[in-house]
Amino acid sequence: MNRGGLLRYILKRLLIAVPVLIGITLIDYLLMNLAGNPIDMLIGPRVTEAAKAAKMAELGLDQPFLVRYWLWLTELMRGNMGYSLMTYQPVAKMIAQNLSPTLLLMGTSMLLSFLISIPLGIYSALKQYTLRDYAIVGTAFLFISIPGFFLALVLVYLFSTKLGWLPSSGMKTLGGAGGMLDTLRHMIMPVLVLAASVTGSNIRYIRSSMLEILQQPYLRTAESKGIGRFKVIGKHAFRNAMIPIVTLIGLQLPMLLGGAVVVEQIFSWPGLGLMTMSAILNRDFPVIMGVSLLAAIAVLMANIITDILYAVVDPTIRYD
Amino acid sequence: MTTSGYTEPVLSVRDLAISFNTGQGERVLLRDASFEVKRGEVLGIVGESGSGKSITALSLMGLLPAGGRVSHGEAWFEGQDLFTLSPRQLDRIRGKRIAMIFQDALTSLNPVFTIGNQIVEGIRAHQDISKAQAAQQAAGLLGRVGMADPDNVLNQYAHMLSGGMRQRAMIAMALASEPALIIADEATSSLDVTIQAQIMHLLRELSLEREMSVLLITHDIGLIAQMADKVIVMYAGEIVENTDVFTLFEAPGHPYTRALLETVPSIEDDKDRELQAIPGVVPEDYDAISGCRFAGRCAYVEPKCRETRQIMLPLDECRQVRCMRAQNNELEFVHSTQCEASKIALARRRQEDKAELEERLRA
Amino acid sequence: MTLLRAENLYRTFPAAGGFAGRRRVRAVTDISLTMYENETLGLVGESGSGKSTLGRMLVGLDKPDSGAVYYRGQDLSQLKGQDKKRVRTEMQIVFQDPWASLNPRKRIYDILSAPLLYHNYATKADVGAKVTALLEKVGLSRESGERYPHEFSGGQRQRIGIARALSLNPALIVCDEPVSALDVSIQAQILNLLHELQDEYNLTLLFISHGLASIKYLSDRIAVMYLGRIVEIAGAEKLFSSTYHPYTRALIMSSPVPDPYRRQEPAALLSGEIPSNIDPPSGCHFHPRCPLAEDSCRQEIPQLMPVPGDHTHLVACPIALAGGGL
């Protein structure tokens with residue numbers, strides 16, 4: 001039966017994810033070792049050499065690789081990602097603090113881009129070769145071509161410098177009370193910049209997928225049953241269009257974490273991107289490694305979610 | 001031309017012409033097509049690829065692909081000219097009074113919906129009943145078309161079924177509202193031989209049972225011989241012969257039909273039969289040819305054939321052909337008295353079929 | 001003279017789904033076959049019969065999981081180097097899809113001259129003449145060499161495929177559904193061409209098709225396959241005049257005869273679907289659909305046994321053999 005097939009598929013998918021997860025942590029640990037002595041990553045500042053050596057022995061850091069890996073892994077699972085070389089803060093805490101602003105920014109821009117690109121992409125395909133189609137595709141192309149930073153600067157110039165409508169940096173007004181509306185005002189321009197280019201390519205992808213679907217014989221069968229043109233497109237075609245849309249979601253989910261680096265710089269948005277940038281510039285290895293690990297896990301989870309979503313919308317995948 | 005006791009025509013097509021808007025301007029891909037289908041009759045349309053048989057069927061259902069349109073003609077069905085109807089008006093007929101079965105059931109069924117969903121949708125488009133009631137009807141239909149375990153099939157997707165089962169599902173879908181006419185466009189061409197035979201016989205049985213007319217479109221003249229009562233032969237966008245099935249095989253009137261019969265092997269052949277290949281190929285820009293379109297390949301061609309536009313005329317009581325030489329009595333092979341024999345054969349066949357059906361129903 | 005001998009060939013493929021290797025498609029199961037010089041052997045079967053797989057294994061395009069193919073007494077899998085190359089040129093194949101089997105980026109001249117040059121059948125000087133001769137042999141003009149595949153019709157492309165197969169003077173040509181993708185009015189052209197060429201060049205042909213009528217037309221002997229096994233093999237006429245195996249009979253009864261006076265009997269038609277060759281029915285694979293089936297059919301796999309009085313006519317059905325033919 002079909003429900004059983006779906007469940008079995010999900011379980012299989014999760015099962016396969018476990019060795020991948022282990023692989024990720026292994027590679028991450030390997031890279032860390034290449035970067036330097038792990039003890040330097042785990043301990044705080046102001047520790048003497050002797051104490052360090054004693055600690056190393058105690059923690060078993062003179063042990064073979066796999067043992068050390070295991071120790072590190074157990075620490076990791078307790079939430080200890082080491083300490084920043086710069087701020088001396090626990091890396092885990094830093095990430096947690098900077099995660100939500102990034103998620104907010106990226107989540108909103110992703111949502112916005114899909115809300116615009118799905119209807120426009122489908123509409124454009126239905127009206128292929130008409131003026132409206134060309135207009136939509138042309139605009140999409142325009143937005144793909146404009147570099148993000150350029151658009152950002154133009155917007156800042158226009159709305160902050162010239163018109164003074166919107167704040168140009170940060171997440172909330174300095175010294176102000178904060179609040180949702182304030183955050184919203186700060187969010188508008190960065191979200192627009194982030195959404196612009198992605199929306200452009202989404203429109204084109206959805207449009208070409210839809211064009212392919214419109215060629216399919218099963219639409220002709222549906223029409224031959226006399227169910228009406230609206231249902232042919234709205235039910236039969238659209239349901240198949242969900243498959244390429246899921247592809248897009250899957251590709252863009254990982255960007256929820258890391259896609260905003262440049263934009264966060266320009267708008268001084270206190271997110272992961274900003275944090276990672278300065279960590280890179282300052283060779284703050286623990287932070288960099290922590291973010292890499294997180295990114296890898298995020299991609300893994302995005303893949304799993306995407307695969308499951310595929311199985312939900314496309315019955316041909318769950319069939320064994 | 002009533003050769004078998006059928007009554008009023010269910011479908012009457014007159015002077016149909018279909019043109020397509022291609023990159024090189026508008027091309028008339030079908031012209032001057034007229035035919036009739038009587039109630040309960042199986043009309044076979046035989047032709048090769050590009051002969052126009054598919055677009056004829058699609059035009060009746062309002063399903064011509066983008067760029068195609070009916071440029072001339074009428075299609076009278078149950079008191080209405082189908083070509084004058086808007087898509088909304090057509091929706092009340094298609095799926096209900098006329099249904100169509102397509103060639104490749106795998107791509108002709110929506111892969112993301114269950115079979116049940118698609119059959120129920122067709123039912124509820126024309127009947128005001130609940131989903132549950134429609135599902136019951138659907139199960140009944142699947143049973144009627146020979147599907148083992150219909151309730152299970154309702155929940156399956158197209159890719160889970162075999163080719164034969166998918167085609168049965170399509171037939172069930174087409175039967176849903178008891179149409180007066182079913183159009184089968186190469187419905188079994190992609191199926192295995194033993195499965196094809198099953199499906200074809202199912203169709204013929206259903207046609208007998210429900211007095212349902214069938215428009216059987218195929219390139220396989222073997223199928224035509226087994227299934228059709230009347231036949232029209234198409235070549236390069238024109239109907240070239242219109243006759244009944246017995247006359248077609250025993251006394252074809254058009255050189256193309258004759259050549260076709262000589263070129264197709266049969267399992268009943270002697271080992272020393274030689275297949276007569278038809279030289280040449282179907283002309284690509286046939287719509288630009290004003291004279292006979294078969295002239296380039298015809299064994300009986302004469303200069304006048306290429307110069308004169310050929311028209312459909314009766315040769316005798318049971319044959320119409322589009323060939324001036326045949327019409328002018330210049331072709332030997334055309335002389336025949338088959339018509340009487342054909343009438344008898346058709347009547348007898350109908351009787352046999354009916355008797356068999358009754359026996360099946362009693363059993 | 002025996003040209004080719006296959007002994008106990010087995011071939012399976014991994015099936016979609018399931019863990020790797022667990023479910024297998026049993027494409028060819030325990031097939032032994034002999035092909036004689038100058039004959040045309042027809043291989044007929046429906047989906048899942050394994051005929052295409054068998055055809056490929058016989059010319060060495062695919063390796064059997066077990067069993068061997070002997071060409072003129074030599075085991076194909078044991079050939080190396082020059083021998084292997086030579087045998088390769090002696091066995092050629094014409095494919096089904098005239099659209100996919102020609103490289104769209106090469107001119108016909110290049111397609112045909114390449115193998116000639118590679119195997120040193122022609123030098124740069126005389127390859128042009130050889131290509132022209134080939135083209136004319138299959139009924140195409142010399143100028144065709146300058147054109148690209150997409151400029152030709154399906155029938156013409158199939159002729160090019162045949163020319164390509166002929167170019168290395170093979171002894172054996174496997175024709176895998178050579179006319180199935182062509183229009184009806186063209187099929188006879190290609191079938192007749194193959195027949196002529198066979199006569200002229202003393203070729204041996206393996207003709208694979210699902211169409212009984214064209215198989216009967218071209219073949220001297222016919223082998224009928226069902227779910228990976230041969231169920232009957234006989235001379236072309238004999239297969240039809242004294243059919244033994246119930247599947248062969250069903251196949252014949254299901255093929256529509258182009259004669260309205262000879263109607264199919266619905267009662268003679270097979271019921272049920274063709275089973276999947278992933279998990280074929282036990283014993284005789286045909287037993288679920290067979291009108292003659294008995295208990296023993298479910299348990300024992302029938303072997304090919306000769307028909308009384310004709311050792312060239314083999315049937316894999318003890319019941320039919322006992323019953324004396326249909």
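These are my notebook entries on a predicted model of a complex.

**Confidence**

I started with the scores. The predictor gives the complex an ipTM of 0.88 and a pTM of 0.87. For chain C I looked up the per-residue confidence as well: the mean pLDDT is 90, and 98% of the residues reach 70 or more.

**Chain A**

Of the 320 residues in chain A, 30% are buried. I also checked the sequence separation of its contacts: taking those between residues at least 6 apart, 72% join residues at least 24 apart.

**Nonpolar cores**

Which residues have the most contacts inside the largest nonpolar core? I get Ala169(B), Ala184(B), Leu215(B), Leu216(B), Leu206(C) and Val224(C), in a core of 213 residues. Helix H7 of chain B, residues 163-175, gives the most to this core, with eight residues.

I then took a look around Val224(C). Skipping its neighbours within four places in sequence, I find Val224(C) in contact with Val44(C), Gly45(C), Ile230(C), Val231(C), Glu232(C), His245(C), Tyr247(C), Thr248(C) and Leu251(C).

**Where B touches C**

This contact takes 37 residues from chain B and 39 residues from chain C. On the chain B side, the elements giving two or more residues are H7, helix H8 (193-210), helix H9 (221-227), helix H10 (245-250) and helix H11 (255-263). Which of them gives the most? That is H8(B), with six residues. I sorted the chain B side by class too: 19 nonpolar, twelve polar and six charged residues.

**A sheet in chain C**

Last stop was the strands of chain C. Four of them form an open sheet, ordered S2-S1-S4-S5, with antiparallel pairing. The edges are strand S2 (24-36) and strand S5 (74-75), each of which pairs on one side only. I zoomed in on the S5(C) end: strand S4 of chain C, residues 66-71, pairs with S5(C) in the antiparallel sense over two bridges. For Tyr70(C), the bridge partner in S5(C) is Asp75(C).

How values were computed: Residues numbered from 1 in each chain as written. Chains lettered and ligands numbered in written order. Predicted model: local features only at pLDDT ≥ 70, side-chain atom pairs only at ≥ 80, totals over all residues. pLDDT = per-residue confidence, 0-100. Buried ≥ 20, exposed ≤ 12 C-beta atoms within 10 Å, placed from the backbone. Contact = placed C-beta atoms within 7 Å. Core = buried A, V, L, I, M, F, W, Y, C linked by C-beta atoms within 7 Å. Helix = DSSP H or I, 4+ residues; strand = E, 2+ residues; numbered from the N terminus. Nonpolar A, V, L, I, M, F, W, Y, C, P; charged D, E, K, R; others polar. Pairing = 2+ DSSP bridges.
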